[in-house]
Amino acid sequence: MSPKVELAVTFFLGEFGVHKFMNKKIDEQKLIIILRGIAKEKIPKIVKALYDGGARIMEVTFDQKDENTLTDTAEKIRLMKKTVGEDV
């Protein structure tokens, strides 16, 4: 993991008691969708279908082979939120 990615993950996990919040969400939902290796242009359609099917916890993975992984992953997350809002 690159130092930038590691720092971003550490920062995220330490913020606002995220682990407690996520534990509660996982207990409620019982399902985590992991989106790995999906092209940006396919994200809206896939996320909408999953959301319509009841999925509320979705993770976009970093692609360590991609030198633009930070910007690409952030863009995929933005597309998710644009598609289904803050409920994911």
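**Figure 1. Threonine 61 in the loop between strand 2 and helix 4 of the predicted model**. Residues up to four places away in sequence being set aside, threonine 61 touches Ile34, Leu35, Arg36 and Gly37, together with Thr73.

**Figure 2. The second largest pocket and its lining**. The volume of the second largest pocket is about 170 Å³. Its lining consists of 14 residues. Those that lie nearest the centre of the pocket are Gly37, Thr61, Phe62, Asp63 and Lys76. Helix 4 supplies four residues, the largest share of the lining. Sorted by class, the lining comprises six charged, four polar and four nonpolar residues.

**Figure 3. Isoleucine 32 in the loop between helix 2 and strand 1**. This loop links helix 2 (18–29) to strand 1 (33–35). Isoleucine 32 counts as partly exposed because its relative accessibility, 41%, falls between the limits of 20% and 50%. With neighbours within four places in sequence left aside, isoleucine 32 is in contact with Ile26 and Ile57. The C-alpha atom of isoleucine 32 is separated by 5.8 Å from that of methionine 58, although the two residues are 26 positions apart along the chain.

**Figure 4. Arginine 56 over the face of tyrosine 51**. Arginine 56 lies at 3.6 Å from the centre of the tyrosine 51 ring. As for pairs between aromatic rings, the structure holds zero.

**Figure 5. The chain as the setting of the close-up views.** The chain has four helices and two strands. Read from the N terminus, the order of its elements is α-α-β-α-β-α. Among the contacts in the chain with a separation of 6 or more, 65% are between residues 24 or more positions apart.

Key
Residues numbered from 1 in each chain as written. Predicted model: local features only at pLDDT ≥ 70, side-chain atom pairs only at ≥ 80, totals over all residues. Heavy atoms only, no water. Contact = heavy atoms within 4.5 Å. 1 Å grid on protein atoms, 1.4 Å probe; cavity = no way out; pocket = protein on both sides within 12 Å on 5 of 7 lines; lining within 4 Å. Points joined across faces, edges and corners; volume = space filled by probe spheres on them. Nonpolar A, V, L, I, M, F, W, Y, C, P; charged D, E, K, R; others polar. Phe/Tyr/Trp six-rings, centres within 6.5 Å; stacked < 30°, edge-to-face > 60°. Lys NZ or Arg CZ within 6 Å of the ring centre and 35° of its normal. Buried < 20%, exposed > 50% of the residue type's maximum accessible area, 1.4 Å probe, protein only.
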